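This report describes a predicted model.

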Amino acid sequence: MSKELTVFVIGEREFAIDSHAVCDVRDWAPAMTLPHRPRHIQSVIPVDGLVVPLIDMSLKLGLGRADPCKRHAVVLVRLGSRVIALLVDEVQPPIAVEPARLQPVAGPAPEKPLISGVVTLDERMICFVELNALSGNVESEAA
């Protein structure tokens, strides 16, 4: 049975998350920044009456801080009872892949790796982002 992934781009690199966790994709709009926030929290945005952290995925993935503009997108993701927002350069159409195509990352893995594997499709290499690792990291750093 194939797994549906939502693909997003940062710079020239492609990343994917489980599409079942995606609530919505929106255009970026200026938002309120908070003082004394973790570096990768770009700002907070209102979503259905909730205040949701907007995570700079470029910075979180070690690719440098994003300078958000109208071309950026926000991916809203539900993780259990929480909603978080991911700031990305662009979102591509979802793809379906067989689980066997998700190859683990070689080498020693941290306890909760942010990138848990890579999907290869033709000439593309798409890194799979483990949302549970991201969520736990946001909670611990925001506390």
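## Salt bridge between Arg124 and Glu14

Arg124 and Glu14 form a salt bridge through their side chains, with an N to O distance of 2.7 Å. The pair links distant parts of the chain, since Arg124 belongs to strand 11 and Glu14 to strand 2, 110 residues apart. The side chains of Glu14 and Arg124 are also joined by a polar contact of 2.7 Å.

How exposed or buried are the two partners? Arg124 counts as partly exposed because its relative accessibility is 29%. Glu14 counts as buried because its relative accessibility is 14%, and the cut-off for buried is under 20%.

## Surroundings of Glu14

Glu14 sits in strand 2, which covers residues 13-18. With residues up to four places away in sequence left out, Glu14 touches Val7, Phe8, Val9 and Gln92, as well as Arg124, Met125, Ile126 and Cys127.

## The other salt bridges

The structure holds 3 salt bridges. One of them joins the side chains of Asp24 and Arg26, at 3.0 Å from N to O. Asp24 is partly exposed, at 30% relative accessibility, and Arg26 is partly exposed too, with a relative accessible area of 29%.

Another salt bridge is formed by Arg71 and Asp89, whose closest N and O atoms are 3.9 Å apart. This pair links distant parts of the chain: Arg71 is in the loop between helix 1 (57-60) and strand 6 (73-79), whereas Asp89 is in the loop between strand 7 (82-88) and strand 8, 18 residues apart. Arg71 is exposed at 53% relative accessibility, while Asp89 is buried at 14%.

Six strands make up an open sheet in the order 8-1-2-11-10-9, and the pairing is mixed. Strand 8 (90-97) and strand 9 (102-104) are the edge strands, each pairing on one side only. On average, neighbouring strands of this sheet are turned by 35° against each other, direction ignored.

Strand 10 (residues 115-121) pairs with strand 11 (residues 124-129) in the antiparallel sense, over 6 bridges. Leu121 stands opposite Arg124 of strand 11.

## Val129 in strand 11

Strand 11 also contains Val129. Val129 is buried, with a relative accessible area of 1%. Which residues is Val129 in contact with, leaving aside its neighbours within four places in sequence? They are Phe8, Phe15, Ala16, Ile17, Met57, Leu114 and Ile115. The C-alpha atom of Ile17 is 5.5 Å from that of Val129, although the two residues are 112 residues apart along the chain.

Strand 4 pairs with strand 5 (residues 50-56) in the antiparallel sense, over 6 bridges. Ser43 stands opposite Leu54 in strand 5. The hairpin of strand 4 and strand 5 has 2 residues between the strands, and in this hairpin Asp48 takes a positive phi near 50°.

Key:
Residues numbered from 1 in each chain as written. Predicted model: local features only at pLDDT ≥ 70, side-chain atom pairs only at ≥ 80, totals over all residues. Heavy atoms only, no water. Pairing = 2+ DSSP bridges. Helix = DSSP H or I, 4+ residues; strand = E, 2+ residues; numbered from the N terminus. Axes fitted to C-alpha atoms, helices over the stretch in contact; angles between N-to-C directions. Polar contact = N/O pair within 3.5 Å; in protein donor to acceptor, adjacent residues only side chain to side chain. Contact = heavy atoms within 4.5 Å. Buried < 20%, exposed > 50% of the residue type's maximum accessible area, 1.4 Å probe, protein only. Salt bridge = Lys/Arg side-chain N within 4 Å of Asp/Glu carboxyl O.
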